[in-house]
Amino acid sequence: GMVFIGPDANAIQVMGSKLAAKACVQQYNIPMVPGSDKAIDDISVARKLAESIGYPVLIKASAGGGGKGMRIAEKEADLEEQIQRAASEALSSFGDGAVFIEKYVRAPRHIEVQVLADHYGNTVHLFERECSIQRRHQKVVEEAPSSILTPELRDKIGAAAVLVAKS
């Protein structure tokens, strides 16, 4: 007779994989950092992709978080070694060595949005948190609301978060 309040098992599984999450939200045209949409397992494909999006690139573990399995390749000569390091760390940390490549964004703003949905399809966002103060890709301080967002950008980010939740 108890009701679990939270995402269903499928949502947890999909959002637990950055690659699955990216695939899930593609239908909504949500802006994303340029990069691969599947795991990189061929260095020649990785080189072509990195060259097409431009260096530096960020190699990221599909599973997990907390900054583990993330490596920056500043130039092509660094790419293969950084992919191997990221995949090895991802495998030892998460049991999944899948990695992908994205354009490395220097000094990004890390904004997170909380969402709330019910079983009837109603979904709302509960505004954002500024999580840009980090150490080794791990949040140190969270501030809400973000002091850098304009009302227009806050609305766009909130609307995108609702679409992600609905996906």
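Q: Where does Asn29 lie?
A: Asn29 sits in the loop between helix 2 (18-25) and helix 3. Helices (H or I, at least four residues) and strands (E, at least two) are DSSP runs, numbered from the N terminus. This is a predicted model, where local features need pLDDT of at least 70, side-chain atom pairs count only at pLDDT 80 or more, and totals for chains, interfaces and linings use all residues. Residues are numbered from 1 along each chain as its sequence is written, and side-chain values use heavy atoms, leaving out hydrogens and water.

Q: Which peptide bonds are cis?
A: The bond from Tyr55 to Pro56 is cis, with omega near 0°, and Pro56 is in the loop between helix 3 (43-53) and strand 1 (57-61). Ala144 and Pro145 are also joined by a cis bond, with omega about -5°; Pro145 falls in the loop between strand 6 (138-143) and helix 5 (151-166).

Q: In what order do the 3 strands of the open sheet come?
A: Strands of a sheet pair through backbone hydrogen bonds, either parallel or antiparallel. Here the order is 2-1-3, with antiparallel pairing (at least two DSSP bridges between two strands). Strand 2 (70-73) and strand 3 (99-103) are at the edges, each with a single partner strand, so one side of each has no neighbour in the sheet. Strand 1 and strand 3 pair over 5 bridges; Ala61 has Val99 in strand 3 as its bridge partner.
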